[in-house]
Amino acid sequence: MVMETAICGRVALSPHQIFQPKPGDKKPRQKQWTNRNTLMAMPIAGVGKGGGILDKPVIEKTTPGRESEFDLRKSRKMSPPYRVMLHNDNYNKREYVVQVLMKVIPGMTVDNAVNIMQEAHHNGLAVVIICVQADAEEHCTQLRGNGLLSSIEPASGGC
């Protein structure tokens with residue numbers, strides 16, 4: 001008879017050790033799986049041939065108060081969009097504005113940066129990017145920190 005080995009944490013356990021209670025055990029055994037922020041404990045009932053029936057998992061946060069990456073992505077998708085606006089000024093050279101846009105805005109290409117700079121120069125104002133409020137505030141702060149005039153406003157429509 002071949003017995004497979006299950007790895008729980010860093011200790012190798014055989015199915016016999018995991019699923020077969022010791023004589024005199026009053027509490028059911030539990031399997032535990034961990035990921036970065038979550039501990040799942042699954043009590044195992046009905047031990048016997050076929051492995052048994054799993055009760056509903058108990059999920060506990062191991063780092064209370066910290067949102068998971070999934071929660072952050074979900075909240076960003078549901079947040080209303082904001083525009084980051086670039087205002088024309090008479091102080092910064094055009095080349096410098098293009099360099100700052102490429103440094104501050106992720107994925108900004110030279111062509112897009114030049115077009116945004118030209119629009120701000122000719123019209124007095126240009127949309128740099130549309131994103132969630134937290135990102136818009138960060139981009140605006142970084143643009144201002146590099147000497148550019150910038151603001152944010154709610155965007156009508158989607159990202």
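Some ground rules to start. Residues are numbered from 1 along each chain as its sequence is written, and side-chain values use heavy atoms, with hydrogens and water left out. Since this is a predicted model, local features need pLDDT of at least 70 and side-chain atom pairs count only at pLDDT 80 or more, while totals for chains, interfaces and linings use all residues.

The fold, then. The chain has five helices and nine strands; helices here are DSSP runs of H or I with at least four residues, strands are runs of E with at least two, and both are numbered from the N terminus. Read from the N terminus, the order is β-β-α-β-β-β-β-α-β-α-α-β-α-β. Of the 159 residues, 26% count as buried. Buried means under 20% relative accessible area, exposed means over 50%, and partly exposed is in between, with a 1.4 Å probe and protein chains only.

Next, helix 3, residues 94-104. Its buried residues are V97, V98, V100, L101 and V104. Looking down the axis of helix 3, these fall within an arc of 165°, so they line one face of the helix. The arc is taken from the directions from the helix axis to the C-beta atoms. E95, Q99 and K103 are exposed on the other side of helix 3.

Helix 5 covers residues 133-145. Its 13 residues, at 1.5 Å a residue, should span 18 Å, and the end C-alpha atoms are 18 Å apart, which agrees. The expected span is 1.5 Å times one less than the number of residues. In helix 5, A136, H139, C140 and L143 are buried. They fall within an arc of 100° seen down the axis, so they too line one face of their helix. On the other side of helix 5, A134, T141 and G145 are exposed.

On to the cysteines. C140 is buried because its relative accessible area is 6%. C131 also counts as buried, at 10% relative accessibility. How many disulfides does the count come to? The count is zero, where a disulfide is a pair of cysteine sulfur atoms within 2.5 Å.

Two single residues now. S79 sits in the loop between helix 2, residues 69-78, and strand 7. At 26% relative accessibility, S79 counts as partly exposed. S79 and Q133 are 54 residues apart in sequence, and their C-alpha atoms are 7.4 Å apart in space. I152 belongs to strand 9, residues 149-154. With a relative accessible area of 28%, I152 is partly exposed. From I152 to I129 is 23 residues in sequence and 9.7 Å in space, C-alpha to C-alpha.

Last, the largest pocket. A pocket is an open set of points on a 1 Å grid over the protein atoms alone, where a 1.4 Å probe fits, with protein on both sides within 12 Å along at least five of seven lines; lining residues have an atom within 4 Å of a point. About 160 Å³ of space lies in the largest pocket. Of its 13 lining residues, N88, D89, N92, V97 and H121 are the closest to the centre. Strand 7 (81-87), helix 3 and helix 4 (110-123) are the elements that give two or more residues to the lining. Helix 4 has the largest share, three residues.

Terms used. Grid points are joined across faces, edges and corners, and a volume is the space filled by probe spheres set on the points.
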